[in-house]
Amino acid sequence: MTNETKVKVVTADPSALGLFGLAIITLVASSQKLGMTSGVSFVLPWAIFLGATAQLFACINDFKHNNTFGATAFGAYAFFWYAVGFTWFIQNGVFGPKLSAAADPKQLGFAFLGYLIFSLFMTIGSMETHKVLFIIFVLIDFLFIGLTLTSFGIMEHTTHQLAAYSELSIAIMSFYGSAAAVLNTHFGRAFLPVGNPFGIFKK
């Protein structure tokens, strides 16, 4: 008979950093979509380091927490921003003019559609986390609806605006969510309320 010993490793909640990374990149990227800034040269570093790497770090640590939902969410959106960064590299000819000239924006549309499907079922999961996270996911749904339709050339101006304002709203809510995750833990109380889970799918 073998004795089994389980050791619990206590790690801090990584969601504050993950949400901060999401907040920064969506704020910077939305400024370009809304026409307040131009080009993606200075969006790229924030996409790679905050949108991608910060969320990947949160993903890895959520796996240590045995948090399948959080790890999957942060990991999926981390790799989304890595892919977006490489897409911008291709569009701007970093990998050569031939690759840039052969780019078909409809392929992005299918990628965005896939992320829309992912975000929709993650939105259902977020209902049993807290209401701030649920709002963030609903806004992400609208972002991907806008990005998908824009990439397919459907009502491009309207859908681009939908994506832009949704992205800016994601930034605002993610800043709040990050602040709540830090301050509520730091003070040991609900300093910034995030709302109770809906209680529909879990007892």
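Modeller: Let us start with the rings: Phe69, Tyr77, Phe80, Trp81, Phe112, Tyr115, Phe118, Phe121, Phe137 and Phe144 are linked into a cluster by ring pairs. Rings of Phe, Tyr and Trp (its six-membered ring) pair if their centres lie within 6.5 Å; planes under 30 degrees apart count as stacked, over 60 as edge-to-face and the rest as tilted. This is a predicted model, where local features need pLDDT of at least 70 and side-chain atom pairs count only at pLDDT 80 or more, while totals for chains, interfaces and linings use all residues. Residues are numbered from 1 along each chain as its sequence is written, and side-chain values use heavy atoms, with hydrogens and water left out.

Now for the helices. Helix α3 covers residues 68-91 and helix α6 covers residues 131-151; helices (H or I, at least four residues) are DSSP runs, numbered from the N terminus. The two pack at an angle of about 35°, and their axes are 14 Å apart. Here axes are lines fitted to C-alpha atoms, for helices over the stretch in contact, and angles run from 0 to 180 degrees between N-to-C directions. The crossing of α3 and α6 is left-handed, that is, the near helix is turned anticlockwise from the far one by less than a right angle.

Which residues touch? From α3 come Phe69, Ala73, Tyr77 and Phe80, and from α6 come Leu133, Phe137, Ile140 and Phe144; contact means heavy atoms within 4.5 Å. This contact holds 8 nonpolar residues, no polar and no charged ones, where Ala, Val, Leu, Ile, Met, Phe, Trp, Tyr, Cys and Pro count as nonpolar, Asp, Glu, Lys and Arg as charged, and the others, Gly among them, as polar.

Just after α6, Gly153 has a positive phi of about 75°. Met155, in the loop between α6 and α7 (156-187), also has a positive phi, near 45°, in a residue other than glycine. Met155 counts as exposed, at 56% relative accessibility (buried means under 20% relative accessible area, exposed over 50%, partly exposed in between, with a 1.4 Å probe and protein chains only).
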